[in-house]
Amino acid sequence: MPLLLLDLDNTLLDRAGPFRTWAQRFLDGIGAPAHDIEWLLSIDADGLTDRWDVADAIRDRYRLRIPSIDLVEELHDGVVEFTRLDPLVACALRIADDAGWMPVVVTNGAVRQQDTKIRRTGLDRYIADWVISEEAGVSKPNPRIFALAAQRARMPLRGAWVVGDGPEADIGGATAVGLPSIWLHRGRPWTDARFAPTATVDTVIAAIAEIMGA
């Protein structure tokens with residue numbers, strides 16, 4: 001039973017959509033101009049910017065008196081509130097499991113947010129386990145986090161595949177640990193000359209189908 005090591009945000013669960021929804025609601029609530037949504041999306045950088053830095057940028061731009069910690073909480077809770085598990089993704093995971101694959105989530109991020117998203121959406125019913133960088137003490141692309149995922153699942157890394165949308169974190173991590181990988185391009189071209197994914201697709205459903213057919 002080989003491992004299927006899957007990223008969470010913008011792979012198994014859409015993050016871009018829920019963040020935009022929260023951001024628009026938040027900006028409307030403080031009376032910010034409509035076009036400021038693009039500024040906030042750029043500051044967020046698809047979730048790569050530290051939440052505290054995003055909170056400080058918001059406070060500075062709008063001269064808010066809200067404590068940064070409250071804005072960080074709002075950022076965490078707001079994204080979680082709008083996050084949903086696509087039933088087709090759940091179905092694909094069930095098919096992979098029935099075919100003998102063991103789905104395990106490997107994600108960077110804070111335990112509170114990532115764990116809540118996994119449980120609240122019901123994703124936990126379709127995966128064998130999950131590893132979150134904050135708890136693990138190591139982040140993708142470090143090979144140790146993939147080894148830890150295999151250890152948690154009590155499975156060898158040999159034969160595993162890595163699936164994710166992050167060029168560095170997911171595909172770079174897979175390359176570092178010597179595993180084949182599938183990149184979710186999300187409309188982006190591949191630009192990193194140091195390594196490349198085994199295959200490129202547009203959805204995690206297509207990725208699972210590609211792996212099962214390999």
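Predicted model: local features only at pLDDT ≥ 70, side-chain atom pairs only at ≥ 80, totals over all residues.
H4 spans residues 68–81 and H6 residues 111–120, and the two pack at an angle of about 20° with their axes 10 Å apart. Because angles under 35 degrees count as roughly parallel, H4 is roughly parallel to H6.

Turning to the residues involved, H4 contributes Glu 73, Leu 75, His 76, Asp 77, Val 79, Val 80 and Glu 81 to the contact, while H6 brings Arg 112, Gln 113, Thr 116, Lys 117 and Arg 120. Sorted by class, this contact holds six charged residues alongside three polar and three nonpolar ones.

The model also contains an open sheet of six strands, with parallel pairing and the order S3-S2-S1-S4-S5-S6. Strand S3 (129–132) and strand S6 (199–201) form its edges, each pairing on one side only. On average, neighbouring strands are turned by 20° against each other, direction ignored. Within the sheet, strand S4 (residues 161–164) pairs with strand S5 (residues 181–184) in the parallel sense over three bridges, and Val 162 stands opposite Ser 181 in S5.

Helices and sheet come together as well. H6, the partner of H4 described above, lies across strand S2 (102–107) and S3, running at about 160° to S3. Helix H8 (residues 143–153) packs on the sheet too, where H8 touches strand S1 (3–6), S2, S3 and S4. The direction of H8 makes about 140° with that of S2.

Methods:
Residues numbered from 1 in each chain as written. Heavy atoms only, no water. Axes fitted to C-alpha atoms, helices over the stretch in contact; angles between N-to-C directions. Helix = DSSP H or I, 4+ residues; strand = E, 2+ residues; numbered from the N terminus. Parallel < 35°, antiparallel > 145°, perpendicular 65-115°, else oblique. Contact = heavy atoms within 4.5 Å. Nonpolar A, V, L, I, M, F, W, Y, C, P; charged D, E, K, R; others polar. Pairing = 2+ DSSP bridges.
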